[in-house]
Amino acid sequence: MNKITVESPSNIALIKYWGKFGKQFPRNPSLSFTLSKAKTILTLEVAKKNNQDEVVDLEFTFAGKSNDKFKAKMVKFLLEEKIHFDHLLQHKIIIHSENTFPHSSGIASSASSMSAFVFAALKLEFTLSGSQDFSDENFLNKASSLSRIASGSASRSLFSGLALWGDYEKIGNNDWAVGVEHLVDPRFKNFRDAIVIVSAEEKAVSSRAGHALMDHHPYREVRFSTARERLSQLLLAMKNYDLETFIKIVETEALDLHSLMMTSDPSFILLEPKTLEVIKLLRNFRLTHQIPVCFTLDAGPNLHVLYPAEFSEAVDTFLLSLNLPIINDQVGFGTTVVSSDN
Ligand code: DP6
C-alpha cells in the first residue's frame with residue numbers, strides 16, 4: 001500500500017478536558033460524542049524521497065492549497081514521534097486534507113484533522129513495516145495515544161458514538177481514549193447536535209494557552225475533582241436514559257468551562273451576548289414544550305444544541321426562529337478508511 005484515504009470526525013465534549021500535564025496527559029477524564037458530518041477527509045501517499053538526509057520530507061495541502069501552519073504541526077509531530085514512523089519516514093510523504101465544515105465554526109478541527117493524519121500515517125507505517133500481529137484494538141490504542149500527543153481531544157475522535165479519555169476507574173486511562181457507547185443507553189446513538197453559529201471569528205485564546213491557564217487557577221483542585229464526579233453521574237444518567245440529569249450535568253459543565261476562563265489570569269470572556277440570549281431562549285423552549293433539549297459549548301461562543309432525533313421537528317422550528325446559521329450534525333461512527341491502493 002502506498003496510498004490511503006481516511007475520514008475522521010470531530011467530537012464534542014460533554015465532560016471537558018481543560019488542563020493538562022506532561023506529554024499531553026489530561027488533568028481530568030473527559031467524555032465526548034463523536035460527530036458524523038463534521039469531518040476531515042485526508043489522503044496520505046508515499047513516494048520516493050529526494051533527499052535521504054532530511055528526516056521528514058513532507059508536502060501538504062489543505063483544501064487544495066499549501067498551508068504552512070498545518071504542515072509545520074505535522075512535521076514537528078513526526079520529528080518528535082519518529083520512533084513510531086520508521087518505515088514511513090524513509091519516503092516522501094504527500095498529504096491532501098480537507099474539512100466538511102467551515103473554519104472557526106465551533107467545531108474542533110484539530111480533533112478531526114489530527115486523528116485523520118495519525119490514523120492514516122500509522123496504517124501506512126504498519127503496512128510498510130509488514131506488521132501482521134496487531135489486532136484492531138492494539139492499532140486503535142496506539143492511534144489514539146499518538147493522536148492525543150498531536151491534540152488531546154483528537155484521541156477521542158477514533159471511536160464510535162461516545163469516547164472516554166483519562167484515568168477513570170477500570171475503564172479509562174490517560175494514554176489513549178476508549179469507546180464507551182456500550183456503557184450507555186443505545187438511544188444516545190440517535191442524538192442530534194445542531195451547531196448554532198453565533199460568531200465565526202477566530203478564537204481569542206488557543207486551546208493550548210487555555211489549558212495552561214489551569215496550571216495556576218485558584219479553583220483547579222475543585223475543578224478536577226468535580227469533573228471526575230460529574231463523569232460518574234453522567235455515565236449513570238446515560239445508562240438509565242435519565243435525560244433530566246443528563247441535561248443538568250452537560251449544561252453545568254459547559255458553563256463551568258467558561259467560568260474557569262473568566263476567572264483565569266489573564267481572564268477571557270469568549271461568550272457573546274448572543275450566546276446568552278440563545279441559552280435563555282433554549283431553556284424557555286425546553287420548559288414550555290417539555291422537550292429534552294440542551295446545549296454545550298466549546299472554548300468559543302457557538303452553541304452545540306443536543307437532543308434526541310425524535311424531537312427534530314420541534315427543535316428545528318425553534319432553531320429556525322433564531323435566524324442564525326446552523327450546522328446540523330449527529331452522533332457518528334469514528335475514524336474509517338475510505339480507500340487504499342490495495
Ligand atoms: C474545550 O484538544 O484542542 O474543546 O490538546 O492543546 O490540542 P490541545 O487541546 P484541545 O482542547 C480541547 C478543549 C475543549 C474541551 C474538550 O474537547 O474536551
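Modeller: A polar contact here is a pair of N or O atoms within 3.5 Å; within protein, one must be able to donate a hydrogen and the other to accept it, and residues adjacent in sequence count only if both atoms are side-chain atoms. This is a predicted model, in which local features need pLDDT of at least 70 and side-chain atom pairs count only at pLDDT 80 or more, while totals for chains, interfaces and linings use all residues. Residues are numbered from 1 along each chain as its sequence is written, and side-chain values use heavy atoms, with hydrogens and water left out.

An N or O atom in the side chain of Ser207 is 2.9 Å from an oxygen atom of the ligand. Ser151 places a polar side-chain atom 2.7 Å from a ligand oxygen atom, and for Arg156 the corresponding distance is 2.8 Å. The ligand alone exposes 460 Å², of which the protein buries 94% (accessible areas by the Shrake-Rupley method with a 1.4 Å probe; for residues, only the protein chains shown count as cover).

The shell around the ligand has 16 residues, of which Tyr17, Lys20, Ser151, Ser153 and Asp298 come nearest (a residue is near if one of its heavy atoms lies within 4 Å). By type, the shell divides into 4 nonpolar, 7 polar and 5 charged residues (nonpolar: Ala, Val, Leu, Ile, Met, Phe, Trp, Tyr, Cys and Pro; charged: Asp, Glu, Lys and Arg; polar: the others, Gly among them). Domain 1 (3-181) and domain 2 (186-330) both contribute to this shell, so the ligand lies between them (bounds from an automatic or database domain assignment).
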